Amino acid sequence: MARHLNASEPGFEEALRHFLDEDRGQGEDVAGIVAAIIKDVRQRGGAAVADYTAKFDRLQLDPSTLQSDNVNLDLIAAECPADLREAIDFAHDRIAAYHTAQRPADHRFTDSAGVELGWRWTALDSVGVYVPGGRASYPSSVLMNIVPARIAGVERIVMVAPAPDGELAPAVAYAALKAGATEFYPIGGAQAVAALAYGAGPIAPVDKIVGPGNAFVAEAKRQVFGKVGIDTIAGPSEILVIADATANPDWVAADLLSQAEHDPSSQSILITLDAALGAAVEKAVDNQLNSLPTGERAREAWLAHGAVITAPDAATAAFAANIIAAEHVELCIEDPDAMLPLIRHAGAVFLGHHTPEALGDYVTGSNHVLPTSRAARFSSGLGLYDFVKRMSIQRAGPQGLAALAPAALRLAEAERLPAHGRSVSIRTNQGG
Ligand SMILES: NC(=O)c1ccc[n+]([C@@H]2O[C@H](COP(=O)([O-])OP(=O)(O)OC[C@H]3O[C@@H](n4cnc5c(N)ncnc54)[C@H](O)[C@@H]3O)[C@@H](O)[C@H]2O)c1
Ligand SMILES: N[C@H](CO)Cc1c[nH]c[nH+]1
Ligand SMILES: [Zn+2]
């Protein structure tokens, strides 16, 4: 049975934090395993990546090319059925439109001291995009990763995706070509992240690694951060549904299971404003699990990391939601717009009864690569912003230099950095 918590009871916040802190790594020393893989890839390069790919994905690769004759993107893409291509094209165009709207503008202005100021956005040179592929295949994640990178103007887009047993889904191959990957390697897990960060075999290191993955991938990105940039910790999927008596229990149950089916480590939480609804949703979850082809891992996730929280009112529900800081938050309530301002920490919010989270996974156009494990407290989902960075710009001119010099000289003196002061005074003859 999923965990039960009551927000009206004393000790609720502590119990909730305790639940959220529980290990979702299924008893493995994920950090230790990942550290060993990264170390080995740094030492042995392509040979180590090929060895781990043989071990975890049962695919033999040539260590010097990290390719296999059996995984040819063009040939595999040709097998993608026409109706699926159409769906991918549809999603591609909506994702492109959403992310084009995110393009930030350069800005220049002159302040009252006569100093010209501003900033300019420039694209990253190279990115590695991780497309998960262990338990399911994710053509949608190909689009979510690559489309914003391409729109931002990134020239080198290196896609990695595991191909277990040499199987790569035709839709993944088609989406990679459609979106514009410039390199592709059929590798996954921590070894792929290490190869992107440090280089291995034919792969030259990239500047930033983005994309979702399981606990090993998320931990590997965390460990290589600093050598390269990363987007966020986008690990096993999560959903939080806040529902009131106007919600349909079958719909809510379906939404909870839509994320539980990703991974036994996934997290599904219901905050209900109506106790009867909570009971009905739990019953519906049990019924739906019996007929779900992915029911085994969804059940494992629901039993280990599922919770039903009863809350007395919207403010208390929002208080709990902001502690949970879930990847996805659905507001299945009568007036979601009234509650939206109270939700401060979430990767993505879905408003009303007719916006199942799965629409955002595929086709609303917003990005589905989103922070998990409470990272929504301090980071956002993937966007065009991840593929650009901001440079500040300033020009003083004689008038601006004269206006700023006295304070700059005084600060240089206080910091005991006389060369700093001289670089100013040499232009103004103001001493220092
Ligand atoms: N947060 C997001 O934005 C988002 C989006 C899409 C998917 N996801 C998540 O992505 C994940 C996909 O997971 P997946 O497993 O299907 O594919 P994956 O590609 O993330 O992981 C597969 C790889 O994991 C590695 N691995 C598996 N078991 C291992 C072990 N015991 N030791 C070392 N390495 C091991 C292997 O190298 C394998 O290639 C799911 O958790 C899903 O919820 C998250
Ligand atoms: N829900 C996932 C993000 O947690 C994204 C996804 C892709 N395909 C289906 N779902
Ligand atoms: Zn999903």
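Visitor: How many bridges join strand 4 to strand 7?

Guide: This is a predicted model, where local features need pLDDT of at least 70, side-chain atom pairs count only at pLDDT 80 or more, and totals for chains, interfaces and linings use all residues. Residues are numbered from 1 along each chain as its sequence is written, while chains are lettered from A and ligands numbered from 1 in the order in which they are written. Helices (H or I, at least four residues) and strands (E, at least two) are DSSP runs numbered from the N terminus, and two strands pair if DSSP finds at least two bridges between them. Strands 4 and 7 run parallel, and the number of bridges joining them is 3.

Visitor: In what order do the strands of the open sheet stand, and which are at the edges?

Guide: The sheet has 5 strands with parallel pairing, in the order 6-5-4-7-8. Each edge strand has a single partner, so one side of each is left without a neighbour in the sheet. Those edge strands are strand 6 (183-185) and strand 8 (229-230).

Visitor: Where does UniProt place the feature "binding site"?

Guide: UniProt positions are given here in the numbering used for this model, feature names are shortened, and annotations may be inferred rather than shown by experiment. The entry is unreviewed, and it places the feature at Y130, Q191 and N214. They span 85 residues in sequence, but no two of their C-alpha atoms are more than 13.0 Å apart, so they gather at one spot.

Visitor: Is Y130 buried or exposed?

Guide: A residue is buried if 20 or more other C-beta atoms, placed from the backbone, lie within 10 Å of its own, exposed if 12 or fewer, and partly exposed in between. Because Y130 has 31 C-beta neighbours inside 10 Å, Y130 counts as buried.

Visitor: Which residues does N214 touch, leaving out those up to four places away in sequence?

Guide: N214 sits in the loop between strand 7 and helix 9. N214 has 21 other C-beta atoms within 10 Å, so N214 is buried. Two residues are in contact if their C-beta atoms, placed from the backbone, lie within 7 Å. Beyond four places in sequence, N214 touches P132, G134, G235, P236 and D263.

Visitor: Which residues come nearest to ligand 1?

Guide: A residue is near a molecule if its C-beta atom, placed from the backbone, lies within 6 Å of that molecule. There are 31 residues around ligand 1, and the nearest are G134, G188, G189, P212 and G213.

Visitor: Which helices each supply at least two residues of the shell around ligand 1?

Guide: Domain bounds come from an automatic or database domain assignment, and the shell draws at least three residues from each of domain 1 (3-24 + 236-364) and domain 2 (30-235 + 384-388). The helices are helix 3 (46-57), helix 8 (189-198) and helix 9 (215-224).

Visitor: How many Å separate the C-alpha atoms of D165 and W251?

Guide: D165 is in the loop between strand 5 (156-160) and helix 7 (170-179). With 8 C-beta neighbours inside 10 Å, D165 counts as exposed. D165 and W251 are 86 residues apart along the chain, and their C-alpha atoms are separated by 36 Å.
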